[in-house]
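Please report on the structure shown below.

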Amino acid sequence: MYVAVKGGEKAIANAHALLAKEGRGDSHLPPIDPSWAVGQLAVLVARVMNEGSLYDPELAARAILQAQGDALEAITLVRSFRTTLPRFGYTVPVDTAALPPQRRISATFKDLPGGQQLGATFDYTHRLFTERDTDGPQASPNGADGADAPAMPRVSDLLGHDALVQPARPEHFTDPEPPDLTREPIVFPMERAGRLQALARGDEGFLLSLAYSTQRGYGSTHPFAGEIRVGEVELEFEPPELGFAVPLGRVEVTECQMINQFKGNAATPAQFTRGYGLAFGRAERKAMAMSTVDRALRADEFGERRVAPAQDEEFVISHSDNVEATGFVEHLKLPHYVDFQAELGLVRQLRAEYQQRQELEGREEIDEEVLV
Amino acid sequence: MTGEPISYNTGYLDEQTKRMLRRALLKAVAIPGFQVPFASREVPMPRGWGTGGVQVTAALIGEDDVLKVIDQGADDTTNAVSIRKFFVAVAGVATTTRTDEASIIQTRHRVPETPLSEDQIMVYQVPGPEPLRFLERRETETRRMHALEDYGLMYVKLYEDIATHGHIATTYDYPVMVNGRYLMSPSPIPSFDNPKLHRSPALHLFGAGREKRIYAVPPYTDVESLGFEDYPFEPQRFEDPCAICGSVGVYMDEIITDDAGSSMLVCSDTDHCERTAAAKTEQVPA
């Protein structure tokens, strides 16, 4: 019976006890320790940190376990915690060109200063099930950890010297304080800085599909993966009372610069334009999708006609947050019987009126026949 | 951070966030029916499950408050229970199921049957704050329409209802004009409840967490449900009395009682139903 929804406290307590039992799995096996997940599920941990907008691998791992592996539930947990944290300010801008990359590739140049470095990647692996290696990998080959890698200038900066690529920042750029969309409401149209923040915490799957759609003709941007790099960068913060920057620690990031064809217009000669993606941890798919969508969203800047969903800022930004999306779709589980009752009344009324009209028309037809 | 205990501020939200919310609320009260954008925070329940209402309540609630939470008119629906327990846990607040005892009533989809008073605040959970959204999907455009008081589109929609069905075919979230200026969504309350907002002595606050908007109907404000001179607004009515307490003129839940689809009507407002039924039992001599 539907009134069972009005279960009250006991039903909730029982349901949560059952949830905990289900999540524990086989009680003969030891529970997973969050510290194992940090190392062994690092890619998932990175996703939860990105979309949870909080760099804390230990906490993200804990969230994944508490959420029984449900990524969006874990992200919601992290976000609900993050939002209670005090905010001190912005760090000094991170120089990703200076980061010693663990991985750095360019799809646009065969060779380039600093060279190509594959690093830790699933690319070129055969997706076959392998025997689990319980001893761990053998000692890594020389230099693979990136510690001694030579300086690797960014590909887009190399092209930038010839003005073939639109400069990273416009002329007379004053570096204004960017908005913080976790502290100020989003108002459309947005600044690119705010948009990038939204994309950085946007759902990986949603951004992936949007990026994919641009490759299939829905707002094409002709992207090339100018550069993808993964490595650790140092974060520095300048407390106003000190007046100089102090290091806070290191975070692992994945950066992607998409380079896109632009045929030019009356005001601008032909050149390449940029899309930018940055994500915590090893999150290459996310960074690539983000940079592709970022470029698509810059349509107005280049006088391109906005014809596809990926170019539509309101559409993309309003629907990219998976905490909002999953909550609202799943809220349909909540009882709606007040509204349904109202609709039930309306449908009954409309049907009764339809019936009446049918009968009335039938009678009129008979009347006409009688007249004939 | 593994294993370290995590503690939260009283009322869950930090004080800066509460201040931000209170500013938005003050602005909302100053411009009745106007949607004030606010920097909606995540809260420990999913979006769409009352996060706007929870933030508004968290910004208001103090030690002296008595909280009532209802969903679909009932205090014992699971989500109402969950939100009430949340505020007991993070604010240590007193709770009640009686409408007349509550100082703050957080609600989803209903306005209580018991008349409200001047010292009460209603907090509505709002899924879609924009009454024009399904007529115009762009926020940039609807904002302009509100600014210019350009509500023709909504009247055309209502007119088309009449042209098609002979009457207005909107039964809940029925649009209202607030203080003769702003078109407002009363949240998905049944149109039956709309008249309760008109010149209500209580303060009505609306929180849309996912859509990041707060708006308000201050006490004794005009709230007119849209209509035409020849086709005025008509709230839904129920002919039969409540099968439990015998109330008439209240909103009903239809309870299916067997596999053949038989049904009975009972009060949607569980507090009203319990008290009416109890009063009747007292009157009957033992």
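How many residues of domain 1 of chain A are in contact with domain 2 of chain A?

## Domains of chain A

10 residues of domain 1 of chain A are in contact with 12 residues of domain 2 of chain A. Contact means that the C-beta atoms, placed from the backbone, lie within 7 Å. On the domain 1 side, the touching residues are 6 nonpolar, 2 polar and 2 charged. Here Ala, Val, Leu, Ile, Met, Phe, Trp, Tyr, Cys and Pro count as nonpolar, Asp, Glu, Lys and Arg as charged, and the others, Gly among them, as polar.

Domain 1 of chain A spans 9-82, and domain 2 of chain A spans 96-122 + 150-320. These bounds come from an automatic or database domain assignment. Taken over C-alpha atoms, the two domain centres are 30 Å apart.

## Basis of the model

This is a predicted model: local features need pLDDT of at least 70, side-chain atom pairs count only at pLDDT 80 or more, and totals for chains, interfaces and linings use all residues. Residues are numbered from 1 along each chain as its sequence is written, while chains are lettered from A and ligands numbered from 1 in the order in which they are written.

## The sheet of chain B

Chain B has an open sheet of 7 strands, in the order 1-9-8-5-4-2-3, with mixed pairing. Strands (E, at least two residues) and helices (H or I, at least four) are DSSP runs, numbered from the N terminus. Two strands pair if DSSP finds at least two bridges between them. Strand 1 (36-37) and strand 3 (94-95) of chain B are the edge strands.

Strand 2 (residues 66-71) and strand 4 (residues 104-108) of chain B pair in the parallel sense over 5 bridges. B:Ile70 has B:Thr107 of strand 4 as its bridge partner.

Notes: Contact = placed C-beta atoms within 7 Å.
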